[in-house]
Amino acid sequence: MEKDETIHADQRGGVQVVSRTAAIMRALSAHPGGLSLTAIANEVDLPRSTVQRLVTALEVEGLVDAKGPNGGTRLGPAVSSLVATAHADMVVFGRHQLKMLLDAVNETCSIITAVNAKSMVLETMTAEHPLRVVLCQGSQSPLYTSAGGKALLSAYSADLIERLFQPELEPYTDSTLRTRQALQDELAATRERGFAVSRNEFIQGMSSMATVVNTNMGVYAFEVTLPDARFDARATAIQTAMLAHKERVVAEAIGFEEDKQAGSLGLPPSS
C-alpha cells in the first residue's frame with residue numbers, strides 16, 4: 001500500500017511539473033521578445049524560484065533561451081526545430097518558393113502556419129534594405145493581427161471563426177480589429193480579392209500582405225512584410241507579384257507531392 005501511494009504521489013508530481021512547464025512555454029510563446037523570470041512568474045502565477053528551476057531545465061534541452069536579445073527568456077531553437085519537423089514537406093518545398101517571392105518583391109518574405117489561435121513564422125527570408133522588417137523563425141502573433149494570419153483564417157469557415165474567437169478581440173494597436181464581426185467582414189474581403197492585408201495591426205509601423213495556399217501538405221500563407229512607410233508606394237506591385245506567385249505555388253505543390261525526391265531538388269516530377 002505504501003508503495004502504491006508513493007507511485008501515485010510521484011505521478012501527481014510529474015503531471016504538475018508538465019502542467020507548469022506547459023504554462024511557461026505558452027507564456028513565452030505569447031511574448032516572442034522574451035520575459036524576465038519575474039514576469040514569467042506573474043504570467044503563470046508561480047513562485048519565481050519554481051519558474052527559475054523549470055526554465056533552467058528547459059534551457060538545457062534547448063527549449064528556451066535564457067539570454068535573449070533583451071536580456072529575458074524566450075523560446076529556444078529546439079522549438080523551431082520541432083515545428084519545422086512537423087511541417088518538413090512545406091519547409092523543403094517552400095524555401096525555393098520563398099526565394100522566388102523575395103526576388104520578385106525585394107521585401108521580407110515568410111511562410112506562415114497556424115498554431116492554435118496564432119500565426120507562426122515557419123520560414124523567413126529578409127530583404128536587403130536599410131529600413132526593413134526582420135522576423136524571427138518561430139515568432140507568433142494573434143491570427144487576426146497579421147496578413148498571414150488573416151490569409152490562413154480565410155481558408156476556414158465562418159463557423160470555425162465563431163468558435164475560435166470571442167465577440168471582442170484584444171487590441172494591440174489603434175489599428176487592430178476590435179470585434180469578431182469586423183474580422184469576419186475582413187475575411188470575406190480577403191477571399192474576394194485573393195490576398196490579406198494588415199497595416200499597423202500588431203506592431204505600429206509594420207504592415208504586411210499575404211496569400212493562402214491550400215495543399216496536400218496543409219494550409220499555409222506566404223507573407224510579405226515591410227515598413228508601413230513604404231506600403232502605399234509598393235502595394236500594387238507586391239499584390240501583382242503575390243497573386244502570380246500563389247498560382248505557381250499551387251501548381252508546383254502538386255508536382256512536389258507526386259515526386260518528393262525530385263521536388264526536393266527543384267526538379268519536375270518524373271513522367
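**Exercise 1.** Which residues does Ile238 touch, not counting residues up to four places away in sequence?

*Solution.* The model is predicted: local features need pLDDT of at least 70 and side-chain atom pairs pLDDT 80 or more, while totals for chains, interfaces and linings use all residues. Residues are numbered from 1 along each chain as its sequence is written, and side-chain values use heavy atoms, with hydrogens and water left out.

Step 1. Contact means heavy atoms within 4.5 Å. Ile238 touches Val105, Glu107, Met209, Val224 and Leu226.

Step 2. Locate the residue: Ile238 belongs to helix H9 (residues 228-258). Helices (H or I, at least four residues) and strands (E, at least two) are DSSP runs numbered from the N terminus.

Step 3. Ile238 has 2% relative accessibility and is therefore buried; the class covers values under 20% relative accessible area, with exposed over 50% and partly exposed in between (1.4 Å probe, protein chains only).

Step 4. Ile238 and Glu107 are 131 residues apart along the chain, and their C-alpha atoms are separated by 9.0 Å.

**Exercise 2.** Classify the aromatic pairs and place their residues.

*Solution.* Step 1. Rings of Phe, Tyr and Trp (its six-membered ring) pair if their centres lie within 6.5 Å; planes under 30 degrees apart are stacked, over 60 edge-to-face, and the rest tilted. The count by this rule is two aromatic pairs.

Step 2. Tyr144 and Phe165 have ring centres 5.7 Å apart and planes at 85°, so this pair is edge-to-face. Tyr144 sits in the loop between strand S5 (140-142) and helix H6 (147-153), and Phe165, 21 residues away, in the loop between helix H7 (158-164) and helix H8 (180-193). Both Tyr144 and Phe165 are buried.

Step 3. Tyr172 and Phe202 form a tilted pair, with 5.4 Å centre to centre and 55° between the planes. Tyr172 is in the loop between H7 and H8 and Phe202 in the loop between strand S6 (196-199) and strand S7 (206-215), so the pair ties together parts 30 residues apart in sequence. Tyr172 is partly exposed at 36% relative accessibility, and Phe202 is partly exposed at 22%.

**Exercise 3.** What is the order of the six strands in the open sheet?

*Solution.* Step 1. Two strands pair if DSSP finds at least two bridges between them. The order is S5-S4-S3-S8-S7-S6, with antiparallel pairing.

Step 2. S5 and S6 are at the edges with a single partner strand each, so one side of each has no neighbour in the sheet.

Step 3. S7 and strand S8 (residues 218-227) pair in the antiparallel sense over ten bridges. Thr215 stands opposite Gly218 in S8.
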